[in-house]
Amino acid sequence: MRRSTGVVLGGAVLVAAAIAFGVQSVVRTAPGAEDFEGAGTGSVTVEITPGASAGEIAETLKHAGVVASTQSFVDEVVRRSKEASLHPGQYRMKRRMAAAAALDLLLTPASRVIRKVTVPEGMRLADVLAALAKGSGLPLSDFTKAVAEPDKLRLPAYAKGQVEGFLFPATYEVEPTATAADLLRKMIVRFRAAARHVDLERLAAERKLTPLQAVTMASIVQAEGGQDADYPKIARVIFNRLDRGAKLEMDSTVNYVLRRHTLKVSMQDTKVASPYNTYAREGLPPGPIGNPGEKALRAVLHPASGDWYWFVTTDPGRRITKFTDKEAEFLKYREELNKNLGTN
């Protein structure tokens, strides 16, 4: 049976409800506000908005069919003094739950639906923003606007307003109240933590690099690298070329300018006009070409020892990279790559 404030359900309707939701969800007839019995059945996702009161949360739950009445839920919250324990977010609930069971579930961390966004190492800024927009549900335009105001993102001073390179690759939880700027700041905070962990500023100075140059070099290492073990060797090749005042001639920098990812870089490609084209200009590009992870940062700060001047990822499928200080070997490795790419 069901207590009501003016509406009496017919027996057929009550039986249908019992069949649909199970006998445990039949409404209690004890004095007080309407309430269901038991832990409920089925599944429904409800969203608690920031700043919602217990009464507003109760309305949301009632509308979703979770609780029988707003009063039963509010009474339970007040009885247990949990007004300050209800937090915004999305929650997995059940239909036709006792108010006490509904409150228990809202207080259980595992019931909260948490959006997560994973940003892989080396992803470029434009791709990071697209991934964040997709994973968070926020408009991409919000992220592009936030990037256009770098002074509000708490970048390190040495970043010189550049966001590229400082959005640390990791998995991030997206709070329901988070804005695009909040997510970007969270990534930059994570970068700062990684920079402290690897002692970026001090060790970069020992390598006669500014922190920005170190991050820029790490982004190239990340983009060029096949296996983690190759990163320190790639860093050494870059240092060796810088020490000789030679051009770096890194395909990854050309691909960055052309906004693509490929191992097939033509002679024409290497003539593209850009300060990021290391075939055309000496030294490091003016900023990062992606967002490196901690291993790439460490490789720059702790490069391998060796005289290598060239490297070629001869077998991209197996991520095999070969290093040499002899041009003849370099040409041989390049032919090996072309063969594996089917360009011969």
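1. Let's start with the aromatic pairs: this predicted model holds seven of them.

2. Are the two partners buried or exposed? Tyr309 has a relative accessible area of 14%, so this residue is buried. Trp310 counts as buried too, because its relative accessibility is 15% and the cut-off for buried is under 20%.

3. Another pair worth a look is Phe311 with Phe323, which is tilted: the centres are 5.7 Å apart and the planes make an angle of 35 degrees. This pair links distant parts of the chain, as Phe311 belongs to strand E6 (residues 310–315) and Phe323 to strand E7 (residues 320–324), 12 residues apart. Both Phe311 and Phe323 are buried.

4. Do also have a look at Tyr158, Phe166 and Phe191, which together form one aromatic cluster.

5. Back to Tyr309 for a moment: what sits over its ring? That is the charged end of Arg241, placed 4.1 Å from the ring centre.

6. Finally, a loop residue. Ser274 is found between helix H11 (251–258) and helix H12 (294–301). Although it lies in a loop, Ser274 counts as buried, because its relative accessibility is 16%. Which residues does Ser274 touch, leaving aside neighbours within four places in sequence? Its contacts are Val257 and Arg281.

Technical notes:
Residues numbered from 1 in each chain as written. Predicted model: local features only at pLDDT ≥ 70, side-chain atom pairs only at ≥ 80, totals over all residues. Heavy atoms only, no water. Phe/Tyr/Trp six-rings, centres within 6.5 Å; stacked < 30°, edge-to-face > 60°. Buried < 20%, exposed > 50% of the residue type's maximum accessible area, 1.4 Å probe, protein only. Helix = DSSP H or I, 4+ residues; strand = E, 2+ residues; numbered from the N terminus. Lys NZ or Arg CZ within 6 Å of the ring centre and 35° of its normal. Contact = heavy atoms within 4.5 Å.
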